[in-house]
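Subject: Structure for your review

Dear colleague,

Please find below the structure that I am handing over to you. I would ask you to keep it open while you read the notes that follow it.

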Amino acid sequence: MMWSTVNACYHTAGKLIPVGDSAKTCLQEISPKPQTPPVVRKFLNTTRPGAGAIRVFHGKANDPDIASTLVHGVSSQASISGGLVINPPPKTIYQQRLHQLREAGYSTNQKAPLGRSHDQSPGLPNCLDTGKATFGVKSPKSAAAGTIINPPKSAEQVETEAQEGHQSYIRSHNAYFVGEQVDRKYKWSRYGKDSRFGVPTPHHNDGRSVSKSLHWLCDTQKHNSAKFVSQRCDDFRERTQPQIGKVHDPISDTLKVPAGHTFGILMRPDDFGAGDLLHSTPPAEYQKGTDRQRTLVSAVRQHLKKVNFHHFNSLLQAFRHYDKKGQGVIDKEDLQDVCRQFNLDLSGPMLDDLMEYCDVDKDGLINFLEFANFLNWKDKMPISKVEQRILTSECKTSTAPDNMQREALPVRPAASEALARPEDLEPAEVGSTLKTPKTLNRPRTIQDCFDTSSSLIRAVVGGLPTTDYRMYGTPTVRTDLAAPRIKRVSDSTNYGDQTTAFDLLYPTLHSLRGVHKEHFFCPRTKEEIADIFRNVGASISEETFEEAWKLASMRHPTGDVCVEIFRDVLKEIQAN
């Protein structure tokens with residue numbers, strides 16, 4: 001008892017925690033809920049509208065709702081319903097009479113009233129009785145349809161008439177009933193059961209009839225006998241009838257013109273080709289060096305191909321014409337003689353280039369295969385069987401071909417070596433007896449980069465030169481006009497300072513570095529020129545630089561100096 005009194009005098013140790021909200025209080029729903037102020041609500045409807053609510057801008061939150069009650073347009077009155085159209089209510093006699101009076105005023109109702117035929121009596125004469133008058137021709141009455149379908153005849157009469165009509169139909173149309181036996185009107189009393197009809201067919205067991213059917217008499221006579229035709233008749237047919245592979249010219253005898261004459265006006269070749277447009281070079285500099293030499297060789301070969309095709313019937317005949325010495329090959333002297341004969345006066349270097357181009361095996365001579373590949377259109381001149389034997393030396397010198405081949409191919413003493421081997425001749429077509437020389441491939445001695453040019457086909461053999469032709473129209477590139485310093489946007493004229501197609505296809509090295517053509521021709525100061533040439537590594541003394549600057553400034557009327565002019569002047573000084 002004493003101890004408890006003492007403990008009551010002391011305070012409790014520690015910190016007293018105030019009593020707060022319990023878990024039950026936090027989970028308990030507050031009712032009623034606090035209302036959002038109207039000022040805050042209009043901003044929340046703009047940013048976070050409730051589910052199903054329309055987003056309204058806070059500036060229009062207090063505006064009256066007029067859109068929900070506003071109606072646009074003109075209200076249309078209700079029309080008649082579908083039921084009344086389909087099943088209208090019945091009209092009374094008064095309504096029907098009233099409708100007739102309303103419709104009686106129209107002319108269409110007077111002429112053709114609804115439900116009645118067209119009354120044409122107003123247009124007829126007054127003396128005509130419309131009730132009794134008839135028009136047209138009266139047609140006689142024939143038998144009725146019932147009488148035709150079911151005639152009043154007995155079965156025997158109907159059958160007899162049908163048989164008579166059927167016999168007439170057999171004579172006119174040769175038509176019988178299904179299953180009816182054809183009566184050929186044979187007299188069976190003369191023949192017995194074992195009688196045979198027809199002519200007996202001859203038959204031989206040795207197969208002579210089959211042999212005759214396989215070998216027709218006309219074919220055997222055509223191969224074994226010759227058909228003689230007069231020369232006058234043959235010439236007339238050749239002149240008046242079209243020939244295979246030849247142009248039909250019925251007035252060739254009356255028109256006295258040379259064989260190689262060309263009719264019409266000589267077309268002027270184009271002054272500019274694809275190569276000219278790419279390079280933009282003057283006409284005298286289209287081809288240079290080896291390119292020009294190669295172009296001339298190609299033009300000479302094209303001319304010789306055309307001449308050989310028009311003057312010779314076969315490759316062998318053309319080769320024998322070129323082979324003047326009869327040695328089986330063509331040397332430089334033979335080629336030069338033929339070129340002069342065809343109005344081609346080639347110089348010594350040009351003749352050497354032509355021989356070098358055609359001579360694949362590099363023996364200094366042109367054999368038959370090289371001649372056929374490079375100086376002829378071999379695909380258009382196939383080789384016949386007789387020519388094949390002559391080329392491969394399978395035919396003896398005394399053996400002559402037929403008359404037509406003997407005229408086209410004169411037999412010459414055989415050379416010590418054949419003109420071609422059998423493996424050098426290939427069939428022109430699959431299954432054809434005509435052959436053509438195989439294709440020879442020349443070794444590539446030029447690079448794979450080719451510059452196209454129209455100069456290869458520019459020349460016209462036997463035509464007038466085009467250098468004196470008058471030029472018409474305005475050129476596309478106006479190099480005759482000075483380019484303005486400030487070019488307007490609407491000015492689409494090319495003054496020759498624009499990039500060409502060749503520059504786009506083959507850009508220069510300095511253009512890859514961002515330095516273009518106009519940078520070389522723009523005027524610069526003396527310090528800029530010195531810095532540029534110093535940076536590229538050009539060692540120029542002060543005296544040389546001053547002299548080049550002085551000469552370069554004299555070339556322009558205003559004294560402007562660009563990189564291109566200074567470089568040209570510097571090259572001239574260093575060359576001297």
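The following notes concern the salt bridges. Please bear in mind that this is a predicted model.

Side chains of opposite charge can pair when their charged atoms come close. In this structure, 11 salt bridges were found.

One of them joins D206 and R208, whose closest N and O atoms lie 2.7 Å apart. R208 has a relative accessibility of 41%, so this residue counts as partly exposed.

A further group deserves a description of its own. R421, E423, D424 and K438 are linked in a network of salt bridges. R421 is partly exposed, because its relative accessible area is 47%.

D424 and K438 also form a salt bridge, with 3.5 Å between the closest N and O atoms. D424 is located in the loop between α19 (403-408) and β1 (425-427), whereas K438 is in the loop between β2 (435-437) and α20 (501-505); the pair therefore ties together parts that are 14 residues apart in sequence.

Are these two partners, D424 and K438, buried or partly exposed? D424 has a relative accessible area of 4%, which means that this residue is buried. K438, at 26%, is partly exposed.

Kind regards

Key:
Residues numbered from 1 in each chain as written. Predicted model: local features only at pLDDT ≥ 70, side-chain atom pairs only at ≥ 80, totals over all residues. Heavy atoms only, no water. Salt bridge = Lys/Arg side-chain N within 4 Å of Asp/Glu carboxyl O. Buried < 20%, exposed > 50% of the residue type's maximum accessible area, 1.4 Å probe, protein only. Helix = DSSP H or I, 4+ residues; strand = E, 2+ residues; numbered from the N terminus.
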